[in-house]
Amino acid sequence: MKFLNGLQPTFDLTYDDVFMVPSRSSVGSRTGVDLTTDDATGTTIPLVVANMTAVAGKRMAETVARRGGLTIIPQDIPVDVVTDTVTQVKAAHLVYDTPVTVKPHHTCGYALGLIPKRSHGAAVVVDPDTNRPIGMVDLDDVSGVDRFTQVREVMTTELLTLPAGIDSREAFDRLRAARRKLAPVVGADGELVGLLTRSGAVRSTIYAPAVDAAGRLRIGAAIGMNGDPAGKAAELVAAGVDVIVVDTAHGHQDRMMDAVAAVRAALPADFPIVAGNVVSADGVRDLVEAGASIIKVGVGPGAMCTTRMQTGVGRPQFSAVLECSQAAAALGAHVWADGGVRHPRDVALALAAGASNVMIGSWFAGTYESPGDIQYDADGRAYKESFGMASKRAVTTRTEGEDPFDRARKALFEEGISAGRMYLDPQRPGVEDLIDNIIAGVRSSFTYAGAGSIAEFRERAVVGLQSASGYREGAPVPVSW
């Protein structure tokens, strides 16, 4: 990356402070852009779901990995729960969605609680003895009846099923011809294998899933620096975790270096270890020297974070990523840009500044796939709750097993918002909808720069500085004619 007209900024910059200038390009199509990352994490798009309890869970991990990204399970989740999550994600199909299933005798109230857990908006009714699909219900079927009504009384029995292994284009054509948005996928014996939507069939031709050496979906997990980080890391890796993130708000401290060194000694030499957070070249160098291969960059830019207002500590994110990525590259390491992205342009600018992956947190909290239950405000708008990982709510959960007096002491020092409403976008209610929007923008950015890969984009991106009014000029304005 270079600054327009050779300008060397004398102050730090956020994503809003900068813009990218088009360059001569021989990249003719967005589909010709390769977004595979180079940090050994196996991601085929440069998106990582942040290790936030309100965002990263089993459904998120499975769905994002199917589209090429990676999800980091938070550190405050018990190891046995993480192990179970890893097992389920590894067992998930690379193309077909995991269906919501109910049995004929289940109540409509039960189905009503399950269907919103996935973005496809329906449940497959299966025979309890054969696991073969015998019907389907959607929200309309189960909402307008008594909650104790059995599913068998309202389910649709005129099923369209698709055979396992069907070509994506053919599946799309069959669904379109039948005027169906989705259909169960069955094996040769008629048992349910998965679910395929029209959009899923199309996406399977655009995205390459992030898979491990055995061809299973990838997943990461975070650990803290307290206790036995090396032992926990080894246990998680044995369970199938593909990336370990050693995480704390202030990553440039002695205890963090000791934790990273211990984790590195406990894992294979080439296993990807992420550590952070830092915002300076010195922090990068010390963490890489301790054994980290990827550095997490960002202090205070997150939507749920109040660190800068509480402490004055942090750094504008674009400059932090730029400096840290340069330091990491000199050492053969990489950086993840963590926080501060609110638009697809921000993701592209983080990559231009040198990030190999960009972490998404609260932006993904308001989706069907995040762990929380959907709630509704007084106007009937759907939302989910999100909270910062240094907030009182998160600290209370993380210290659940500690002495009550010590927990009370720690509660005095929380930073972050404990409850924020993240509304589901009616146009993009699923995380895949948001991924489509982000990746479309990033691919376009690459074509404007004339770059066919992330490495080329880092080289070719030309970035300029803009005023607040310059930023506003580029934002869409609702117009009434």
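This is a predicted model: local features need pLDDT of at least 70, side-chain atom pairs count only at pLDDT 80 or more; totals for chains, interfaces and linings use all residues.
A residue counts as exposed when its relative accessible area is over 50% and as buried when that area is under 20%, with partly exposed in between. By that cut-off Glu289 is exposed, because its relative accessible area is 69%.

**Salt bridges**

- The count of salt bridges comes to 21, among them one between the side chains of Arg458 and Asp38, with an N to O distance of 3.2 Å.
- Because Arg458 belongs to helix α16 (residues 454-460) while Asp38 sits in the loop between β2 (18-21) and β3 (47-49), the pair ties together parts that are 420 residues apart in sequence.
- Asp38 has a relative accessible area of 38% and is therefore partly exposed.
- Lys90 and Asp212 also meet through their side chains in a salt bridge, at 2.9 Å from N to O; this pair links distant parts of the chain, with Lys90 in helix α2 (residues 79-91) and Asp212 in the loop between α6 (198-203) and β11 (220-223), 122 residues apart.
- Lys90 and Asp212 are both buried.
- In the salt bridge between Arg345 and Asp346, the closest N and O atoms are 3.1 Å apart; Arg345 is partly exposed, at 25% relative accessibility, whereas Asp346 is buried, at 2%.
- A network of salt bridges links Arg67, Arg203, Glu432, Asp433 and Asp436.

**Open sheet β8-β9-β10**

- Three strands make up an open sheet in the order β8-β9-β10, and their pairing is mixed.
- Strands β8 (162-163) and β10 (192-197) stand at the edges, and because each has a single partner strand, one side of each is left without a neighbour in the sheet.
- Strand β9 (residues 182-186) pairs with β10 in the antiparallel sense over five bridges, and Ala183 has Leu196 of β10 as its bridge partner.

**Open sheet β17-β18-β19**

- A further open sheet consists of three strands in the order β17-β18-β19, with antiparallel pairing; its edge strands, β17 (375-376) and β19 (420-423), each pair on one side only.
- Strand β18 (residues 382-386) is joined to β19 by four bridges, the two running antiparallel, and the bridge partner of Ser386 in β19 is Gly420.

Methods: Residues are numbered from 1 along each chain as its sequence is written. Side-chain values use heavy atoms; hydrogens and water are left out. Buried means under 20% relative accessible area, exposed over 50%, partly exposed in between (1.4 Å probe, protein chains only). Two strands pair if DSSP finds at least two bridges between them. A salt bridge is a side-chain nitrogen of Lys or Arg within 4 Å of a carboxyl oxygen of Asp or Glu.
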